[in-house]
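Open your viewer and switch to a cartoon view.

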Amino acid sequence: MTSPSPIDPLQSSGVLIVDKPQGMTSHDVISRVRRLFGTRKVGHAGTLDPMATGVLVLGLERGTKFLAHVVAETKTYEATIRLGSATHSDDAEGDAVFVAPEGAVDALDDAPLLAAVGKFRGDIMQRPSSVSAIKIDGKRAHQRVREGEEVSIPPRKVTVFSFDVAGIRRLVADGAPVVDVDVRVHCSSGTYIRALARDLGELLGVGGHLVALRRTEVGPFSLAQARTLEQLEHSPSLSLSLDEALTVCYPVVEVSAKEALDLSMGKWLEPRGLKGVHAAVAPNGAAVAMVKEQGKRLATVFVARPNTL
């Protein structure tokens, strides 16, 4: 008679990719996921504004600890920039602070618009939106704005790998002519798409703000792996197990069963000439730990499967 297979203590740990709906905060989504999965241990790897939709990366159970080591260096967005006015929040939820002079929007041709977009590709200095989540002296910028403070965040270097125009539409909104520009942006983490909208409008002299935003990729995670909240209501399940998440995010280094045991106890191994962080995978396919060479040792950065489990 064969013995039953042991229950994996990490079977409920991993990464969940949610396709966030418009109108919900990221914390609203986390609260829903906590209820659906019956756990308080849910964390996120970067929020999305209520107006935005798309990829929201969550960690469950031990996956919450893994998220601290997930470095999503690039992100991809689909957005609509409205030219013709600017708002205090640089998006459609803010109050108008500038409206283009009469005739300026009608006089805006496609050629100068496309030329202006090109000026925001590559390495640029970008001033984050005053309503961003960046902390200033311990308090988030958007909190300071809500309390009536004047907030100006110093520009910082970001990289826009691609900034492509998918469509240009001319219409009337609130009785005034506007130009809606559908774009796709692939950029470094820390780039604000609403700031691109604001700066594009300023460069063209007509004002600009964001009216739609959808995040399609965060590092190795994409909409292809995402589930809607409605889908999760019917079938709550992880997008990636913790083992899968480690091997998706990092190159793999195979270790023996003995070495896997040592790593699970936080011990170090002999160096192997590796560069950067790797996922150490045991012969049974379990991703035991994230490891990195430090001097003359291969040390753990994060132990996914501690021996104490």
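Keep in mind that the model is predicted.

**Stop 1: residues 250-305.** Select this span. Its end C-alpha atoms lie 16 Å apart. The span is 14% helix and 39% strand. An unreviewed UniProt entry lists residues 250-305 as "domain: tRNA pseudouridine synthase II TruB subfamily 2 C-terminal".

**Stop 2: helix α8.** Now select residues 257-264, which form α8. Which residues of α8 are buried? They are A260, D262, L263 and S264. Next, show what covers these buried residues: the cover includes β16 (278-281), β17 (287-294) and β18 (297-303). Then step just past the helix to G266, where phi is positive, at about 80°.

**Stop 3: D90.** Most residues other than glycine have a negative phi. D90 is not a glycine, yet its phi is positive, about 65°. Find D90 in the loop between β5 (85-87) and β6 (96-99). Is D90 buried or exposed? Its relative accessible area is 5%, so D90 is buried; the cut-off for buried is under 20%.

**Stop 4: D174.** Move on to the loop between β10 (156-173) and β11 (176-188), and pick D174. This residue is not a glycine either, and its phi is positive, about 55°. Show the surface here. D174 counts as exposed because its relative accessibility is 87%, and exposed means over 50%.

**Last view.** Show D90 and D174 together. D90 is buried, whereas D174 is exposed.

Note on methods:
Residues are numbered from 1 along each chain as its sequence is written. This is a predicted model: local features need pLDDT of at least 70, side-chain atom pairs count only at pLDDT 80 or more; totals for chains, interfaces and linings use all residues. Side-chain values use heavy atoms; hydrogens and water are left out. Buried means under 20% relative accessible area, exposed over 50%, partly exposed in between (1.4 Å probe, protein chains only). Helices (H or I, at least four residues) and strands (E, at least two) are DSSP runs, numbered from the N terminus. Contact means heavy atoms within 4.5 Å. UniProt positions are given in the numbering used here, feature names are shortened, and annotations may be inferred rather than shown by experiment.
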